[in-house]
Amino acid sequence: MKIQEFVHNFADAIEIDTALIGPETKFKDIDSWDSMAVLNIIAMVDDKYQKSIGGDEIEQSVTIADLWGKIEG
């Protein structure tokens with residue numbers, strides 16, 4: 001699976017334009033990032049990648065690529 005697909009799914013999950021973000025985006029700096037966005041990302045990862053991530057993995061990640069590394073690995 002490619003990171004660009006994950007970026008697209010990430011953008012869809014938090015309802016922003018994919019063109020506004022990339023792998024090196026610091027997702028916590030996104031204006032719409034809030035507790036609901038966290039829940040949407042957890043649900044998206046479970047649905048699309050059949051993986052479970054929690055708040056700890058999200059909190060430890062800085063960029064979208066960091067988060068992808070936790071899912072891919």
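**Close-up views of a predicted model**

Serine 61 is buried, with a relative accessible area of 0%, where buried means under 20% relative accessible area, exposed over 50% and partly exposed in between (1.4 Å probe, protein chains only). This is a predicted model, in which local features need pLDDT of at least 70 and side-chain atom pairs count only at pLDDT 80 or more, whereas totals for chains, interfaces and linings use all residues. Residues are numbered from 1 along each chain as its sequence is written, and side-chain values use heavy atoms, with hydrogens and water left out.

**View 1. Serine 61 in the loop between α3 and α4.** Serine 61 sits in the loop that lies between α3 (55–60) and α4; helices (H or I, at least four residues) are DSSP runs, numbered from the N terminus. When neighbours within four places in sequence are left aside, serine 61 is in contact with Phe27, Lys28, Asp66, Leu67 and Lys70, contact meaning heavy atoms within 4.5 Å.

**View 2. Leucine 67 in helix α4.** Leucine 67 counts as buried because its relative accessibility is 0%. Apart from residues up to four places away in sequence, leucine 67 touches Phe6, Phe10, Phe27, Ile41, Ile53, Glu57, Ile58 and Ser61. Glutamate 57 is ten residues from leucine 67 along the chain, and the C-alpha atoms of the two are separated by 7.3 Å.

**View 3. The largest nonpolar core.** A nonpolar core is a set of buried Ala, Val, Leu, Ile, Met, Phe, Trp, Tyr and Cys residues joined through side-chain atoms within 4.5 Å. The largest one has 23 residues, of which Phe6, Phe10, Trp33, Ile41 and Leu67 touch the most other members. Two or more residues are given to this core by each of the elements α1 (3–13), α2 (35–49) and α4 (64–72), and α2 gives the most, with six residues.

**View 4. The crossing of α1 and α4.** The axes of these helices, which are lines fitted to C-alpha atoms over the stretch in contact, come within 10 Å and cross at roughly 110 degrees, with angles running from 0 to 180 degrees between N-to-C directions. The helices α1 and α4 are therefore roughly perpendicular to each other, a term for angles of 65 to 115 degrees. On α1 the contact is made by Ile3, Phe6, Val7 and Phe10, and on α4 by Ile64, Ala65, Leu67, Trp68 and Ile71.

**View 5. Asparagine 9 in helix α1.** Asparagine 9 is buried, with a relative accessible area of 9%. Not counting residues up to four places away in sequence, asparagine 9 touches Met44, Lys48 and Tyr49.

Key. Angles under 35 degrees count as roughly parallel, over 145 as roughly antiparallel, 65 to 115 as roughly perpendicular and the rest as oblique.
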